[in-house]
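Work through the exercises below with the sequence and the model in view. Each task is followed by a solution in steps.

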Amino acid sequence: MEVVEELADLLHTHANRDKVVNLISYSLKFWGATANRKELLAASARLASARASMRLYDDALALKTAAKYGWGIQDGLPWGPVGVAAGASTLLYLQAEKLSWLIDTGILTVSKETEFNIKTAHKLFWSLSAFLGLIRSIRGLHTCSEALRSPNRTKCASARFTQASLTSTKFLLDTVHAVSWLPPGWLWGSALTTQQASAVATASAVLGLVLHYHGKRF
């Protein structure tokens, strides 16, 4: 019964439910690519499509986060502009994804060239969002490292350093995965196989859940 209650608590919120669906989706994709089973790849695509549809409603949270951060004056240079750019790239990514969704459903009809440009922009903003998240997480990791070495460190300093390390690792995996979706010629765009890309995404999804449970220690 305790396991059921824990699972119910995990799936109660949209953010946590998305983490679980993300893990299942990419695990199925990795399994399907490894075993060459099309039905698993189809199941993964269905779950990925469901996640994309739910992200259509993420604008409010992204706008709230960006508005709360403001112009980043509190962080100074260069971190303030980096934070603002991170918020902007996330918002642009969400808008590009909406256009991609409208095109995929047939509601919006555009030329092949325009469709390619929109979907490339979608992947580009996704990559920028992940990369800027990585840069900001490294700053957080450095701060936690200094706190850990301080003679007046708090009891949770070690746990916070671990959380920051896991966060940076996840953003690194997200960046590798996002860029791999870009067209050939864009860094390592399209250089990873489906199996390799889904393995990276699965590892990131696992870390997402680890971060969730480890964060409960604070």
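**Exercise 1.** Find where E115 and K119 lie and how many residues apart they are.

Solution. Step 1: both E115 and K119 belong to helix α6, 4 residues apart, or about one turn of the helix. Helices here are DSSP runs of H or I with at least four residues, numbered from the N terminus. Step 2: an α-helix has 3.6 residues a turn, so residues three or four places apart point the same way. Step 3: E115 and K119 form a salt bridge, with 3.2 Å between the closest N and O atoms. The term salt bridge stands for a side-chain nitrogen of Lys or Arg within 4 Å of a carboxyl oxygen of Asp or Glu. Step 4: salt bridges with shared partners join D104, E115 and K119 into one network.

The model is predicted: local features need pLDDT of at least 70, side-chain atom pairs count only at pLDDT 80 or more, and totals for chains, interfaces and linings use all residues. Residues are numbered from 1 along each chain as its sequence is written, and side-chain values use heavy atoms, leaving out hydrogens and water.

**Exercise 2.** Determine which residues of α3 are buried and what they pack against.

Solution. Step 1: helix α3 covers residues 38-54, which is 17 residues. Step 2: its buried residues are L40, S44, R51 and A52; buried means under 20% relative accessible area, exposed over 50%, and partly exposed in between (1.4 Å probe, protein chains only). Step 3: these residues lie on the same side of α3, because they cover an arc of only 115 degrees around the axis. The arc is taken from the directions from the helix axis to the C-beta atoms. Step 4: K38 and R46, on the other side of α3, are exposed. Step 5: the buried residues pack against α2 (14-35) and α5, where contact means heavy atoms within 4.5 Å.

**Exercise 3.** Identify the parts that the salt bridges D18–R51 and R55–E97 tie together.

Solution. Step 1: the closest N and O atoms of D18 and R51 are 2.8 Å apart. Step 2: D18 is in helix α2 and R51 in helix α3, so this pair ties together parts 33 residues apart in sequence. Step 3: for R55 and E97 the closest N and O atoms are 2.7 Å apart. Step 4: R55 lies in the loop between α3 and α4 and E97 in helix α5, so this pair ties together parts 42 residues apart in sequence. Step 5: R55 and E97 are both buried.

Note on methods: Helices (H or I, at least four residues) and strands (E, at least two) are DSSP runs, numbered from the N terminus. The expected span of a helix is 1.5 Å times one less than its number of residues.
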